[in-house]
Amino acid sequence: MSMFAKRQSALAAAAGSPPAARGKPSLKPVVAALKKPPVIAGLAGLFLLSTGALFLTVLGDPHAGTPSARVALHREEAAPAPAPTGFEAFSMGAMGLYQDLTGTGDPSGAAGGEAVITLPDGATVAGGASYTAPVQAASPLPKAPIAGLSQPGPSGPLPMIAPDGRVPAQAYARPFRSNGKPRVALIVGGLGLNAVTTRAAIERLPPEVTLSFVPYADNLQSWIDQARAQGHEVMLEMPMEPTGYPDNDPGPYTLLASGTPDDVQAKMDWLLGRAVGYFGVTNYLGDRFATSDTGMNAFLSTLRQRGVAFLDDGSFQRRPGAWARASADKVIDQTQSPAAIIAALNSLEAQAKLRGSALGTGFSYPVTVEAAARWTAGLEQRGLQLAPASAMTLRPGR
């Protein structure tokens, strides 16, 4: 039987049946629809929504009494990290900070990033770990140690005056011959902690610029050897007690104002024995140590006996002594900005023209190294002679 015939037969059968009562509608179709799974799922969701609405209507919004505010959020650019102070870079507890700021501690590491700053004269200065100054031609100094100028010490070889009268302050200094022009000298310190800035100072500053190294630096002798091979005379930094010690702590071998002569001697044996090839030493901090007659006398006496020069950053001018002596006229990077450093260097230049000579000192911030490289490049045209710092020293009593 066809589908059409079946349908006709069903209609005929239903034709004789009495009509359904109108007052009692049948619920069978509704019940059948409700038994279908999609309908059941939809009704369940509707039930949950209705329950939640009823809950809020009867009990109220649970967060209705909580203060609220709407604000437009704007992401601010992160402020650049400030350059570390000399103390932060030098102290053992913060060496990592300086290395992280400007590069890797690995001497073979490469610089990362570039932030070029324009100087007032139009030159560019790298504010990060990138350098635009050209590499200088090498002008090698004799390799250290030079025979007869050192002797064994408790922690390493110590400088000494040779039997024939030669002294480290002269033998390890860069030779200098005046051409009659005003002399200007520059010391860049804090070296050896960071490979990028140390290598940049060695390679991109003129050989006449004196380099000063931190005694706590790893591979210190290697760095000194590289500096001398490029032509730089070098110095070693002596950590001395500052105001605020021990909160301001230059490290475990800090020369203390309260130290006895034996204490000062023992610490200097370690510091001076860290490497060979330096002609002199300089202070690192030390305003409190400078007030100690006992400590300073022991310090300067040791340097005199060993033929080593002492050049300070300008804070020890009233303390004569050592085998040879000088004090800096200006710290060039007390404010670490290109404009401020160039202004300080120009002031140093003016002082040299006025008095015949001037000595500046600075820390090896990337911006300092770059600004100094640009500034020294034009000194000859401006009527000055760049001299090593050793040429600014005088023997005691002269």
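These legends go with close-up views of a predicted model.

**View 1. A look into the largest nonpolar core.** This core has 65 residues, and the ones touching the most other members are L205, L211, F213, V281, F299 and F310. In soluble globular proteins, nonpolar side chains tend to gather together in buried spots. Apart from this core there's a second, separate one with 22 residues, Y172, W323, A324 and A389 among them.

**View 2. The surroundings of V281.** Leaving aside residues up to four places away in sequence, V281 touches M235, L236, M238, L272, F299, L303, V308, A309, F310 and L311. Two of these names, F299 and F310, turn up again in a cluster that ring pairs build together with F289 and F316.

**View 3. Y253 meets W270.** Searching the whole structure turns up six aromatic pairs. In this one, the ring centres of Y253 and W270 are 3.9 Å apart and the planes sit at 0°, so the pair counts as stacked. The two residues are 17 apart and link distant parts of the chain: Y253 belongs to the loop between β7 (234-240) and α9 (261-272), while W270 is in helix α9. Y253 is partly exposed, because its relative accessibility is 27%. W270, with a relative accessible area of 19%, is buried, because the cut-off is under 20%.

**View 4. F363 beside Y365.** Here the ring centres of F363 and Y365 are 4.9 Å apart, with planes at 50°, so this pair is tilted. Both partners are tucked away from the surface: F363 is buried at 10% relative accessibility, and Y365 is buried with a relative accessible area of 4%.

Notes: Residues are numbered from 1 along each chain as its sequence is written. This is a predicted model: local features need pLDDT of at least 70, side-chain atom pairs count only at pLDDT 80 or more; totals for chains, interfaces and linings use all residues. Side-chain values use heavy atoms; hydrogens and water are left out. A nonpolar core is a set of buried Ala, Val, Leu, Ile, Met, Phe, Trp, Tyr and Cys residues joined through side-chain atoms within 4.5 Å. Buried means under 20% relative accessible area, exposed over 50%, partly exposed in between (1.4 Å probe, protein chains only). Contact means heavy atoms within 4.5 Å. Rings of Phe, Tyr and Trp (its six-membered ring) pair if their centres lie within 6.5 Å; planes under 30 degrees apart count as stacked, over 60 as edge-to-face and the rest as tilted. Helices (H or I, at least four residues) and strands (E, at least two) are DSSP runs, numbered from the N terminus.
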